Amino acid sequence: METRSARTLRISNIQVAFNNTPILKGVDLLVEPGEVLVLLGPSGCGKTTLLRTMAGLERPETGSVIIDERTLVGPGTWVPPDRRRIGMVFQDWALFPHLTVARNVAYGLPRDQRNTGRVEEVLATVGLTGFGDRSPATLSGGQQQRVALARALAPQPEVLLLDEPFSNLDTGLRTEVRTEVHRLLTDLGITAVFVTHDQEEAFVLGDRIAVMNDGRIEQLALPSEVYTRPASRWIASFVGEVNLVGAESTDATAHLPFGDIPLLRNTNGRDDGSVEVLLRPEDLLIAKADISPVDDIPGHGLVELVEYYGHDAMVLVRLDNGAGLRIRTGPVPPAIRGDRVVVTYRGLPTTAFPTA
Ligand code: ATP
């Protein structure tokens with residue numbers, strides 16, 4: 001494997017507008033050396049535009065992009081894309097079909113370095129030794145993906161940018177290729193920014209995740225923190241499955257039909273009053289209730305649907321007070337459709353959002 005000293009990528013107050021419409025509204029980001037930072041956000045929030053700005057394919061109205069001490073764009077400074085030492089892997093991989101694998105990879109190198117053995121070296125890095133003479137069309141999707149990676153890595157970039165690189169792959173292959181790319185990025189230790197709208201992909205690959213919404217970064221944190229302590233109600237719903245249940249809270253305790261639940265203090269501005277409580281499906285527990293329906297027994301309800309996945313199941317429960325809950329069970333759900341159940345909470349102190 002190649003070794004290199006990893007760089008810091010610093011983005012400050014980047015603003016980009018298209019036809020006077022602001023797209024990036026002041027983005028700050030610090031990517032640590034050797035870190036894989038995932039930009040996660042819905043379609044159209046500006047992820048690709050931010051990546052293209054880093055690569056020099058868009059000119060921001062204000063703001064700066066700096067690698068270590070080297071300013072690439074900033075007041076009075078503009079380094080063109082081919083001098084930035086940034087590698088980019090695009091959504092469609094952009095391989096040339098009429099060129100061999102080796103010539104596709106060599107395309108990423110300055111002319112005088114194309115016959116130096118670097119192509120073979122980088123093909124070996126991505127596990128494609130011996131594939132140099134093949135045409136891209138004769139390779140599997142996963143292998144084509146690795147050619148695109150090899151081309152981006154060939155000139156030894158200081159930072160690697162990947163824009164939804166798995167979107168061309170079908171679901172089965174995607175997981176496999178994701179693991180390969182994850183291992184490769186970790187082994188290379190290169191500073192990388194990975195764009196996706198897929199939450200699972202973000203969680204699996206990201207050392208940290210920057211959640212983007214409408215041209216801004218709403219939270220930058222470890223995947224586990226984004227999941228358990230989302231910075232906004234919007235993020236709570238965007239990442240993972242969620243129940244947001246209305247309740248009154250006093251002294252950082254939410255009073256819910258199925259008992260009192262401790263809240264993390266001051267995570268979202270206020271502990272007391274009307275809140276919506278974040279309950280992840282795996283933090284709720286159901287047991288069959290052996291009593292016949294009576295109006296509004298706290299925590300009791302009816303199983304409306306069971307969605308079975310094998311490794312677990314999602315049970316949709318309608319509480320007697322009308323609230324619907326999604327509850328994750330193990331591979332043998334303790335109840336089936338039509339059963340009466342009692343719900344309890346078994347999670348850690350959770351987060352709540354003040355009701356407007
Ligand atoms: P996706 O996942 O769909 O690619 P994204 O988060 O990467 O979404 P961008 O591609 O950065 O979003 O686009 C952000 C917004 O900017 C969109 O509304 C898009 O239509 C608009 N946009 C992007 N490029 C241009 C352009 N060259 N001219 C005008 N509008 C643009």
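**Before you start**

This is a predicted model, in which local features need pLDDT of at least 70, side-chain atom pairs count only at pLDDT 80 or more, and totals for chains, interfaces and linings use all residues. Residues are numbered from 1 along each chain as its sequence is written, and side-chain values use heavy atoms, with hydrogens and water left out.

**Exercise 1. Describe how α4 and α5 pack.**

Step 1. Find the two helices: α4 covers residues 141-153 and α5 covers residues 171-188. Helices here are DSSP runs of H or I with at least four residues, strands are runs of E with at least two, and both are numbered from the N terminus.

Step 2. Two packed helices are described by the angle between their axes and the distance between the axes. For α4 and α5, the axes come within 10 Å and cross at roughly 25°. Axes are lines fitted to C-alpha atoms, for helices over the stretch in contact, with angles from 0 to 180 degrees between N-to-C directions.

Step 3. Name the arrangement. α4 and α5 are therefore roughly parallel to each other (angles under 35 degrees count as roughly parallel, over 145 as roughly antiparallel, 65 to 115 as roughly perpendicular and the rest as oblique).

Step 4. List who meets whom. From α4 come G141, G142, Q145, R146, L149 and L153, and they meet L173, V177, E180, V181, L184 and L188 of α5. Contact means heavy atoms within 4.5 Å. By class, this contact has seven nonpolar, three polar and two charged residues (Ala, Val, Leu, Ile, Met, Phe, Trp, Tyr, Cys and Pro are nonpolar, Asp, Glu, Lys and Arg charged, and the others, Gly among them, polar).

**Exercise 2. Examine two of the aromatic pairs.**

Step 1. The whole structure holds four aromatic pairs. Rings of Phe, Tyr and Trp (its six-membered ring) pair if their centres lie within 6.5 Å; planes under 30 degrees apart are stacked, over 60 edge-to-face, and the rest tilted.

Step 2. Take F96 and Y107: the ring centres are 4.8 Å apart and the planes stand at 70°, so this pair is edge-to-face. F96 is partly exposed, with a relative accessible area of 26%.

Step 3. Turn to F166 and F194, a tilted pair with 5.6 Å centre to centre and 50° between the planes. F166 is in the loop between β8 and α5 and F194 is in strand β9 (residues 191-196), 28 residues apart. Both F166 and F194 are buried.

Terms used: Buried < 20%, exposed > 50% of the residue type's maximum accessible area, 1.4 Å probe, protein only.
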